[in-house]
Amino acid sequence: PPSVMIIVYAAVAGQSVVKLYAATMFPGFFLALLYLAYVLGWAMLNPKIAPRLPEEQTRVPVPPFVHLLNDERVREFIARVPAPCILKPRLMGGTIGIKKLQNADELWSTADALGDQRSFYLVEQFVPGDIYHVDSIVWQGEVVRATSSRYGVPPFTVSHGGGVFTSRLIERGSRDDEALKALNARVLTAFGLEHGVSHTEYIRAHDDARCAKRDAAGSIEAG
């Protein structure tokens, strides 16, 4: 440490250790300030090099899910999460490839039919609720523009049962609007989206206030 060098120099040169410490105090603090400014500057220019945010700041509420690859984990999921559940491809957007499974037998038969393609799917608890979406413009990691809306009928219901897709804007500044935009900002921060546009969907469960999310932001695949 530099303090050891000061003591050694004071002993060799016959100088006061206290005076040497006092003389190096300001340069030491100034050098530390320069290091801090350098790190902050680079982090602002390239946020990817900055340390990740704590998990509690990036965690978003999602329904329980499990990768379809490991049978033991799937069995634990079935025992813990009540049916029905949703089969979802990991690399597709919208409702493409999504299937509602009513019970464990249907889940296992579907998994067997997928064969080697099982690794591309996950199983998630089915959460009936109202579907919202937030469309955003992101620049330098900040959401500079966002609009929240609500689907008239859940897209999954329309895709599998027929009907017409409808969506309406949520009143700006309302409680729902502010809550959705705040959650949307957390989601995009967790994904690390720096520049681009995003379309993120959220579910407000009928039985409680939980929210699930699906996202198709820039080159980010559906989560």
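## A first look around

Let's begin with a stretch to treat with some care: over residues 215–223 the pLDDT stays under 50, and the model has 27 contacts for them beyond four places in sequence. Keep in mind that this is a predicted model. Across the protein, the mean pLDDT is 83, with 88% of residues at 70 or more.

Now for the sheet. Four strands make up an open sheet, and reading across it you meet β1, β4, β2 and β3 in that order, paired antiparallel. The edges belong to β1 and β3 (99–101); each has a single partner strand, so one side of each has no neighbour in the sheet. From one strand to the next, the twist averages 25°.

Look at β2 (residues 85–89) and β4 (residues 121–125) together: these antiparallel strands are joined by five bridges.

| Helix | Strands touched | Angle between directions |
|---|---|---|
| α4 | β1, β2 and β4 | about 165° with β1 |
| α5 (residues 104–114) | β2, β3 and β4 | about 135° with β3 |

Next, the loops. Which loop holds Asn 70? You'll find Asn 70 between β1 (65–67) and α4 (71–80). A polar atom of the Asn 70 side chain lies 2.9 Å from the backbone nitrogen of Arg 73. Asn 70 can also be placed relative to Arg 118: they are 48 residues apart along the chain, and their C-alpha atoms are separated by 9.3 Å.

On to the loop between α4 and β2, where Pro 84 is found. The thing to look for there is the peptide bond from Ala 83 to Pro 84, which is cis, with omega near 0°.

One last stop is Gln 140, in the loop between β5 (129–139) and β6 (142–151). Its phi is near 55°, a positive value in a residue that isn't glycine. Is Gln 140 buried or exposed? Gln 140 has a relative accessible area of 54%, so it counts as exposed.

Terms used. Residues are numbered from 1 along each chain as its sequence is written. This is a predicted model: local features need pLDDT of at least 70, side-chain atom pairs count only at pLDDT 80 or more; totals for chains, interfaces and linings use all residues. Side-chain values use heavy atoms; hydrogens and water are left out. Helices (H or I, at least four residues) and strands (E, at least two) are DSSP runs, numbered from the N terminus. A polar contact is a pair of N or O atoms within 3.5 Å; within protein, one must be able to donate a hydrogen and the other to accept it, and residues adjacent in sequence count only if both atoms are side-chain atoms. Two strands pair if DSSP finds at least two bridges between them. Axes are lines fitted to C-alpha atoms, for helices over the stretch in contact, and angles run from 0 to 180 degrees between N-to-C directions. Contact means heavy atoms within 4.5 Å. pLDDT is the predictor's confidence in each residue, from 0 to 100. Buried means under 20% relative accessible area, exposed over 50%, partly exposed in between (1.4 Å probe, protein chains only).
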